[in-house]
Amino acid sequence: MRQVGALSESLEDYLETIYNLQVENGAAKVSDIADARGVSMASVCQALKRLDREGLVDYSARESLELTPEGRRLAQKISSRHRFVFRFLSHILGVDKDVAEKDACSLEHHLSKETLSHLVAFTQFAESGFCGEEKIMDSYRRSERTGQVRGPRRRPRRRQGRPRHREGPFLSELKPGRRARIMHLHASCAIRQRLVDMGLLPGVEVEMIRVAPLGDPVEVKIRDLSLSLRKSEAAAIEVEPLP
Amino acid sequence: MKRIRVALAGNPNVGKTSVFNQLTRSSQHVGNYPGVTVETISGSCRYGDYELDFVDLPGTYSLTAHSEDEMEARRILLYNPPDVVVHVVDATGLARNLYLTVQLMELRMGLVVALNMSDEAEEKGTMPDIDLLSEVMGVDIVPTIGHRGTGIDELKSSIVSCYESGDSPRRISYGRDIDRSIAPISSILAEAGDLFFPPRYAAAKLLENDEEVRSTLEEELPRNVFAEVSRMADGERERLEDLFGDDLAVVMAEQRHGIASGAAEEATMDSRARSTGADLTREIDNVLLSRVLGLPIFGLAIYLTFWLTFTVGAPFSSLLEYLFGQLGGLVESLIAPGLLRSLLVDGVIAGVGGVLVFVPNIALLFLVISVMEDTGYMARAAFLMDRFMHRIGLHGQSFIPMLIGFGCTVPAIMATRVLNDRRDRLVTMMVLPLMSCSARLPIYLLVAGAFFPDHRALSLLIIYLVGILLAVGLAKLMRVSVMKGENSPFVMELPPYRIPTFRGLFSHVWLRVRHYLRKAGTVILAFSVLLWLASSFPVPDSYAVDEMLRSGRLAPARPGEAGTVEALDLERSTEVSGTISSPEITAARKAQGIETSLAGRTGHLIEPLLKPAGLDWRIGTALIGALGAKELFVSQLSILYSMGGSERGTESLREVMRRRYSPYTGISIAFFILIMAPCIATLAVVRKETGSWAWALGQFVGLTLLAYLVSLAFYQISRLFA
């Protein structure tokens with residue numbers, strides 16, 4: 001089994017590009033690869049030949065090419081590393097998205113397996129842990145803004161699920177009669193599973209029907225199904241309002 | 001003859017139970033409320049050479065293990081697998097129904113889909129192409145109309161041919177990435193030998209981190225194999241969650257939704273529904289759930305429920321009471337006085353009467369509840385009240401049972417069946433007795449009449465309020481202690497309004513009443529006899545009043561004349577002398593009988609405990625009697641005070657109490673009655689509904705303890721100020 005880092009940095013980048021193009025467009029053409037990497041067709045061909053020799057790509061000078069099973073596996077590894085490093089930089093550390101993208105491109109090749117697994121563990125801890133009453137990440141962002149650092153007051157509780165950075169707007173903010181598309185579910189594991197089971201999942205269109213006379217819960221409609229849910233549950237559903 | 005075991009699965013409100021009824025011709029309830037089938041019900045029918053045994057699973061939206069109903073359905077499917085599963089699908093909401101089909105397909109059992117409500121789908125123009133859908137999903141599909149019985153024979157024939165062919169549904173693909181992670185785990189599981197689950201299903205559930213499947217595998221598999229697969233699954237899960245950037249269970253659920261809605265879209269030619277019924281439902285809800293009218297209409301509905309259950313039910317209950325009174329009188333006139341007569345009259349007939357006297361209330365209450373459920377209003381009731389109930393740590397659906405509790409705790413406990421979540425249901429049941437039932441009213445009236453004749457209404461109001469506050473506190477307390485855990489989600493379907501069928505209503509009411517008579521009735525009867533034994537035995541060797549008559553201290557008064565000595569005087573001192581009338585002699589005997597009985601001795605025994613709470617052994621004995629039924633407290637106490645027959649009634653008991661006790665004792669009694677152990681009928685019903693003596697007895701002991709503490713605290717504190 002080939003590990004990340006066994007190839008040269010640039011060949012790994014090529015592999016990743018091919019993989020991404022295949023996922024996005026269904027096929028990777030030499031011209032697209034050249035565009036994506038910002039290099040000439042000729043250098044792409046050079047690289048492809050070397051990847052072919054390594055048994056990672058099936059390239060016989062055709063217009064489109066295939067990754068071999070091993071190539072695909074390696075590419076997936078590189079790609080998921082890339083996404084992880086990017087996420088770590090931008091979501092956890094708060095690095096600007098463009099900078100994070102650039103840094104992820106170079107960092108992804110040089111991280112040892114050991115460091116990576118610790119980073120993954122740390123990310124999980126940071127995203128789900130608590131610093132006193134506050135989530136660690138919220139506390140960190142606040143301290144970044146104010147320049148003030150505060151240690152945890154309480155033993156961190158373990159929470160199920162992995163809350164992401166919230167952006168909003170949320171289903172609970174929708175006015176009756178308005179429609180929206182569900183973007184993301186932030187709820188805890190059990191509630192999220194229940195929401196998904198009832199058909200409240202990303203990509204689905206919902207309409208806010210009404211708010212109960214006492215102000216809670218709310219009634220929403222998805223497809224032909226009327227559902228009631230508490231505002232606290234609706235507040236965990238990130239939506240994109242539709243006109 | 002060969003038997004085929006068939007399980008009926010499906011979402012709530014898809015007419016699953018009516019299909020079940022048509023299949024088995026048994027009477028069973030058609031619910032229109034999420035989770036109405038709490039226990040599984042079975043039935044059977046013959047088809048050709050086969051005997052088909054059906055079990056009706058609880059209605060579920062999914063087979064993930066997040067609610068009681070789902071767990072139950074899943075356990076039956078996994079650990080007691082049927083030969084064929086029939087999935088009843090609502091043809092008007094195909095995409096969301098097929099989500100469950102996909103999960104059933106994973107179980108790799110013979111599967112037949114009954115496309116129910118096909119008439120409604122036809123009308124709405126959403127009827128899918130059956131052949132195409134069957135092709136896409138790879139399962140046999142039969143259109144049915146449950147309430148008319150259309151398609152039932154075809155369904156039976158499909159079940160048989162599915163059984164004969166032995167085909168299992170095709171494999172579900174979760175996309176290349178996840179499939180690749182499933183494959184190696186699944187092949188290890190397949191080699192490990194016979195499991196409860198199909199290996200691929202088990203592998204998928206391990207990836208999803210399903211606790212129940214995981215722990216079953218841990219028990220079933222050799223330790224090293226389990227360690228290997230669980231390590232693999234954990235690693236793969238981590239990798240995949242990184243890849244998808246989301247919880248894997250959710251990703252896989254999305255994939256199942258994708259398969260379901262893809263198939264539905266492909267098979268439905270005209271996907272734009274001509275909406276009919278749904279819009280009518282919306283119009284109705286615009287009134288019933290509106291800001292202005294929603295709550296008043298709900299209040300009216302509640303008032304009607306009360307009125308029907310208790311006011312309309314009252315004459316029937318009184319009639320039954322009267323009939324049993326007559327029966328008792330008849331037996332009394334036939335049998336000579338003695339233990340046998342007492343056993344029959346005070347034990348058996350009173351016990352059976354005590355069971356039957358609730359039947360009119362229960363039947364009427366469940367008629368109203370069935371109407372609310374079958375029309376779809378019950379879900380709206382929960383929608384309207386959830387905010388208020390959620391505040392006090394309960395669920396919107398707890399409101400109606402709590403309200404019924406003011407009438408009678410027994411039907412109220414049974415009404416908690418509408419709650420889906422077990423924890424919500426248990427908390428509601430445990431605090432329900434604090435909703436002061438109507439049987440306690442005579443006691444409050446006695447106390448208020450004796451000590452606060454000018455403030456009866458106010459004192460009653462305070463007692464009821466204390467009960468409510470204690471219930472709220474106790475519910476909160478349970479929520480943070482024994483019933484800790486995440487609030488159950490309130491995500492609930494508001495089903496379209498439907499007109500209930502007479503047959504459905506009738507069978508539901510009948511089922512409940514039968515249930516009550518069979519299960520609770522036997523326990524209530526047994527306890528009534530036990531209580532009778534406790535207050536009749538042991539019999540005193542001789543009665544003091546007879547001794548005094550024999551020794552000449554007392555002489556019988558002339559018939560029709562009052563004597564100079566009353567039974568109550570005897571108790572204070574045996575030094576009295578004079579004449580005594582014959583009802584007073586009987587009363588004196590009865591009083592001594594109870595005092596020397598087990599109940600009376602227990603009363604004496606616990607008197608040191610009761611004293612600090614301002615109570616004495618007589619009240620203790622009467623409280624033991626009140627375990628049978630709260631209203632017995634008054635009659636028990638009047639016997640103890642030798643009030644005897646009805647000639648002097650509560651009027652004089654009131655005076656005796658005023659003379660003997662302080663107002664603080666009166667309040668202490670009221671608190672004790674309010675909080676103490678519920679009557680045995682409630683005990684029996686709680687045992688039945690929770691399925692365990694632990695909860696029933698825990699409630700019994702816990703509430704009695706609380707009652708004691710509250711009375712004690714009140715009495716002691718009041719003494720400080722008095």
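**A walk through chain B**

Hi everyone, let's start with the core: the largest nonpolar core has 98 residues, and B:F633 and B:I673 have the most contacts inside it. By nonpolar core I mean a set of buried Ala, Val, Leu, Ile, Met, Phe, Trp, Tyr and Cys residues joined through side-chain atoms within 4.5 Å. Buried means under 20% relative accessible area, with a 1.4 Å probe and protein chains only. The biggest contribution to this core, nine residues, comes from helix α16 (residues 377-391) of chain B.

Some housekeeping: this is a predicted model, where local features need pLDDT of at least 70 and side-chain atom pairs count only at pLDDT 80 or more, while totals for chains, interfaces and linings use all residues. Residues are numbered from 1 along each chain as its sequence is written, chains are lettered from A and ligands numbered from 1 in the order in which they are written, and side-chain values use heavy atoms, leaving out hydrogens and water.

Which residues does B:F633 touch, leaving aside its neighbours within four places in sequence? They are B:I443, B:I619, B:A622, B:L623, B:A626, B:I669 and B:I673, where contact means heavy atoms within 4.5 Å.

Zooming out, chain B has 33 helices and nine strands. These are DSSP runs numbered from the N terminus: helices are H or I with at least four residues, strands E with at least two. Of the 722 residues of chain B, 55% count as buried.

Now the sheet. Six strands of chain B form an open, mixed sheet in the order β2-β3-β1-β4-β5-β6, and two strands pair if DSSP finds at least two bridges between them. At the edges are β2 (41-47) and β6 (140-143) of chain B, each pairing on one side only. Strand β5 (residues 110-116) of chain B runs parallel to β6(B), with four bridges; in β6(B), B:I141 is the bridge partner of B:V113. Helix α5 (residues 130-137) of chain B packs on the sheet, touching β5 and β6 of chain B, and its direction makes about 150 degrees with that of β6(B). Axes here are lines fitted to C-alpha atoms, for helices over the stretch in contact, with angles from 0 to 180 degrees between N-to-C directions.

Last, a helix pair. The axes of α1 (residues 16-24) and α6 (residues 152-165) of chain B come within 10 Å and cross at roughly 80 degrees. That makes α1(B) roughly perpendicular to α6(B), a label for 65 to 115 degrees. Here B:V19, B:Q22 and B:L23 of α1(B) meet B:I152, B:L155 and B:K156 of α6(B).

Key. Angles under 35 degrees count as roughly parallel, over 145 as roughly antiparallel, 65 to 115 as roughly perpendicular and the rest as oblique. Buried means under 20% relative accessible area, exposed over 50%, partly exposed in between (1.4 Å probe, protein chains only).
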